[in-house]
Each structure stands twice: as structure tokens, then as C-alpha cells.
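I opened this notebook to record what I looked up in one structure, entry by entry. The structure comes first, and my notes follow.

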Amino acid sequence: MAFTFSVKDTYRQAVEAASGGKQTVLYDDKGNPSIMNIIPKLSYKDVGLSDSTKALPAFVVDDADRPEVFVGTYMAMVHDGRAYSLPGQVPKVYTNMDQAIAYCRAKGPGWHCMTNAEYAAIALWCKKNGYYPRGNNNYGSDHAYPHEKCRPGTVGSDGRINLGLTGSGPNSWTHDGTPNGIYGLNGDALEWATGLRTYNGEIQILAGNNAAKNSADLTAGSAEWKAILPDGTLVAPGTDGTLKIDIVGGVPKIMTTVTTTTTSEYPNTLFKSLAVGDGIAIPDLMKALALFPSDNSDHGEDRFYARNDGEKCFYRGGTWLSTSRAGVFYLRGHYPRSYSYGYIGFRPAYIVL
């Protein structure tokens, strides 16, 4: 008897064929689809961080390597309490971090809100391959290429485009410059990057890509948060000598102590200019998480923002009004996990656990 493909398999096969295998369709436990980009395992060597063939953190869960991660091709929209990656949609915004995590986890095992480790892997891939995506960072167009526009998703009171419809920009707005790349990593809306925070300035992460686990405890009081020593060792928060964000001369700087705490300012610097205190080593782990520039070469004009009072969580990418500040290395850690606004969204991802 001849084998007959289901409609689901036909759709998946069509997307995989059209994208040359770079994209696929994954279904949640209700059978609803999301279009995802397949990111094969990358090592430190693959992205030019070192000669080590050790996998980047994005591909390590519970100390075991994973062969790939699946990243939403588009920013999330939400239907029936679940996040989906689909073209031609208005991205879901006004979403705090815990809500974004819940929308993604509701889809079933392996589904999660995209982690900082995963964003970092893509940013480092872009840098290694000499391609920085453009995007909706100037009210519906790219600030440096104003002829590149998206379709309006939302419009401000001044009549200018704010959010664009997912996937509606040109190929130059994808992470690899092709029609089958990941859209929206430069501008449009900020995206929560889970598994990363500062607490009173101390930089804290979950080990590897453990933040992708459905069982990961990402709450403020979780025992899974780890601080980072200058040699890259993960230790309990509050350990002496861990890496921290200090504000020196009004600018964020990597130190091992905090001398100035800011509560109302928005200190920032070019990511490529982020400085470190004298005699303090920056481990490759910090670079692999795109928390410090990988070398002295170009990282675009992307900005690094941070405050160091209480718990602060992070987003990446920039907004529709960030202009040259937006990009794959743009990182912003000014607000608590409860913050919600019209330019803060998120992206679903998936990993086989």
C-alpha cells in the first residue's frame, strides 16, 4: 500500500524544501504549528572565540551537548495562551518576563522563551560570518537604509509605524541575509533573554542552556542562579570576587566590586567599548554569552545598558525607535522581570530534552 503523508508532514516538508533545510515546522502538544530555524551546534572555535571545540552554552543542557536548537523564525504572537512563530502577525508585546516564559512553556516539553545563551550564539555566528542584520529600527524602516520597510503592525498616535508585521521586511533583515533566515533580531521590539540577570550588580546566569528546560527555576529566589568568577567558574551568588556591573563615570563597567549603585539613571555604552577593571580577567564564557565583546573588532554600534540596583533582567535586539543602537549585540538590563511595555516582546524556541 502506498504511504500517504499527513497534512502536517506535507506542510513541514514544504517549508524544509523551500528553505533548503534551514527551517522546519514544529508542532506543540495541541498540534499547532510554528516556523522555526534550525541552528546546528556551534563550538567556541566555530565562532572565533578560541581554538576550543567545546560547544557554546546554547547547546549544553544538564552538562550534555545537544545537536541543535530551534529558534522561532519570527517574534512571538499569542493564541489561546500559547506563543507561536508565524509570518504576517503583530508581535505580542506588553508582556513581562514571567508571562513570556509561561506562554512558551504552555506549548509542551522542550518549548521555552528564547534564552540569552541562544541569542548570543546567533550574534556570534553573525559576527563570525561578517553579516549584521538590519531591521525596523526607525519607525518602519532601517535608519541607514530608509528604503527598506516593513508592513505596519501597529501605528503610533503620530501616524508612524511602530511594530511591523512579522517577516515583512526584506532579506537584509534576517540574521543571514537570506529569505530563510531569522527575522526581527534588529529593532521592532525588545525581546526577553531568559537565564540572565543582575542582582545588585552581580552578573548571574543558569549553567549552560539550562534556562531552556521546562523544569528550570527562573524565579527571583531560585537556587539555580550562579555567579561568575573571572576564571569562568560558576559559584553561588554572593561569593567574593565575582564579576559585576559597576557604574564608573556614569558608564557600565565590568568589575569585581560595586562602588556606585544607580537607581534612576540609564547608564550605557557601546557594546564594543564595554570596559573591564584593571587586572580583571574576562573568561571566554562571558564572551560566549555575548556579555562582553569577543575581540577588538567591530560589533556594530549596538549599545549595552545596565543598572545595578536589585534584580534586573535583560532583553536584546532594540526597538522600532532605537536607530543605530539596535542590533544582535544590543543588550538592555534596566528593568525588573515585572516590567511590561508596548515595545517589549519575546520569541519562542525549542530544544530536545
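I began with Y139, which I found in the loop between α3 and β9 (141-142), where helices (H or I, at least four residues) and strands (E, at least two) are DSSP runs numbered from the N terminus. Y139 is not a glycine, yet its phi is positive, at about 55 degrees. With a relative accessibility of 24%, Y139 counts as partly exposed, a class that lies between buried (under 20% relative accessible area) and exposed (over 50%), with a 1.4 Å probe and protein chains only.

Before going on I noted that this is a predicted model, in which local features need pLDDT of at least 70 and side-chain atom pairs count only at pLDDT 80 or more, while totals for chains, interfaces and linings use all residues. Residues are numbered from 1 along each chain as its sequence is written, and side-chain values use heavy atoms, with hydrogens and water left out.

I then looked up Y94, which sits in the loop between β7 (82-84) and α2 (97-105). Its phi is near 50 degrees, again a positive value in a residue other than glycine, and Y94 counts as exposed because its relative accessibility is 54%.

Next I turned to G327, which belongs to strand β21 (residues 327-335) and counts as buried, since its relative accessibility is 4%. Leaving aside neighbours within four places in sequence, I found G327 in contact (heavy atoms within 4.5 Å) with L185, N186, D302 and G317. I also noted that G327 and G300, 27 residues apart in sequence, are 7.5 Å apart in space, C-alpha to C-alpha.

Which residues touch the most other members of the largest nonpolar core? In this core of 53 residues they are L56, F59, I203, I254 and M286, a nonpolar core being a set of buried Ala, Val, Leu, Ile, Met, Phe, Trp, Tyr and Cys residues joined through side-chain atoms within 4.5 Å. Helix α3 (residues 116-128) gives the most to this core, with eight residues. Apart from it I found another core, of 28 residues, including A83, M97, C313 and Y343.
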